[in-house]
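Me: I am new to this structure and would like to learn how to read it. Please take me through it one feature at a time.

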Amino acid sequence: MNALASIMLTPAQRARDYTDRLVQGIRPEQAARKPVGREGVIDTNHPVFVFGHLSLYGARVLTLVGKDPAPAATPETWEALFKAGAPCHDDPSGAIYPAFGEIVTRYFEITDAMHAGVRDTPDDVLLRENPNEAQRARFALVGHLVNFLINSHVMMHAGQVSAWRRCMGLASAM
């Protein structure tokens, strides 16, 4: 493994392990529900939405590092449901989103494919200019964006699931 990939993947594996703990104990029938507080429904992202959203980025990461994105592909319908800025809906009947088991299985398959693709990426690829001009001000290099997507982005959304768990009466995943 190259130096930069190693630096990125060490915390990324910890993030993967944490998300694995976060899904433990979540009942499928509650995974697409929003918590209810004293003032009514709490507008937060639920686990189905979070893991569906995170699943969209595996193919993008593989493309960024010059790998075949197919192992991290999601169903076409997932883009509209889970893209950045899409609303997270309370789904008591399970009519809006795919089943929690399907989402979680695909999330971990995509995460593993993404990590494998980054693992053997040469440092010179990660040090290339970010091809997305609009994102370049925040993430100048491919490695900057990849590092964000496999680490900070995952942990940011993992925090949402952690808070959701507590609102739903579930124990800490730590």
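Reply: Helix 3 passes helix 7 in a left-handed crossing; left-handed means that the near helix is turned anticlockwise from the far one by less than a right angle, and right-handed that it is turned clockwise. Helices (H or I, at least four residues) are DSSP runs, numbered from the N terminus. The model is predicted: local features need pLDDT of at least 70, side-chain atom pairs count only at pLDDT 80 or more, and totals for chains, interfaces and linings use all residues. Residues are numbered from 1 along each chain as its sequence is written, and side-chain values use heavy atoms, with hydrogens and water left out.

Me: At what angle do helix 3 and helix 7 pack, and how far apart are their axes?

Reply: Two packed helices are described by the angle between their axes and the distance between the axes. Axes are lines fitted to C-alpha atoms, for helices over the stretch in contact, and angles run from 0 to 180 degrees between N-to-C directions. Here helix 3 (residues 57-64) and helix 7 (residues 142-167) pack at about 155°, and their axes are 10 Å apart. Helix 3 is therefore roughly antiparallel to helix 7 (angles over 145 degrees count as roughly antiparallel, under 35 as roughly parallel, 65 to 115 as roughly perpendicular and the rest as oblique).

Me: Which residues of helix 3 and helix 7 meet?

Reply: Contact means heavy atoms within 4.5 Å. From helix 3 come Tyr57, Val61 and Leu64; they meet Val142, Leu145, Val146, Leu149, Ile150 and His153 in helix 7. By class, this contact has 8 nonpolar, 1 polar and no charged residues. Ala, Val, Leu, Ile, Met, Phe, Trp, Tyr, Cys and Pro count as nonpolar, Asp, Glu, Lys and Arg as charged, and the others, Gly among them, as polar.

Me: How do the axes of helix 3 and helix 5 cross?

Reply: They come within 9 Å and cross at roughly 10°, which means that helix 3 is roughly parallel to helix 5. Tyr57, Gly58, Val61 and Leu62 of helix 3 make the contact with Ile110, Ala113, Met114, Gly117 and Val118 of helix 5. The contact of helix 3 with helix 5 has 7 nonpolar, 2 polar and no charged residues.

Me: How many aromatic pairs does the structure hold?

Reply: A pair of aromatic rings is described by the distance of the centres and the angle of the planes. Rings of Phe, Tyr and Trp (its six-membered ring) pair if their centres lie within 6.5 Å; planes under 30 degrees apart count as stacked, over 60 as edge-to-face and the rest as tilted. The structure holds 7 such pairs. One of them, Phe82 with Tyr97, is stacked, at 5.6 Å centre to centre and 20° between the planes. Phe82 lies in helix 4 (residues 76-82) and Tyr97 in the loop between helix 4 and helix 5 (100-119), 15 residues apart. Phe82 is buried at 0% relative accessibility, and Tyr97 is buried at 6%.

Methods: Helix = DSSP H or I, 4+ residues; strand = E, 2+ residues; numbered from the N terminus. Buried < 20%, exposed > 50% of the residue type's maximum accessible area, 1.4 Å probe, protein only.
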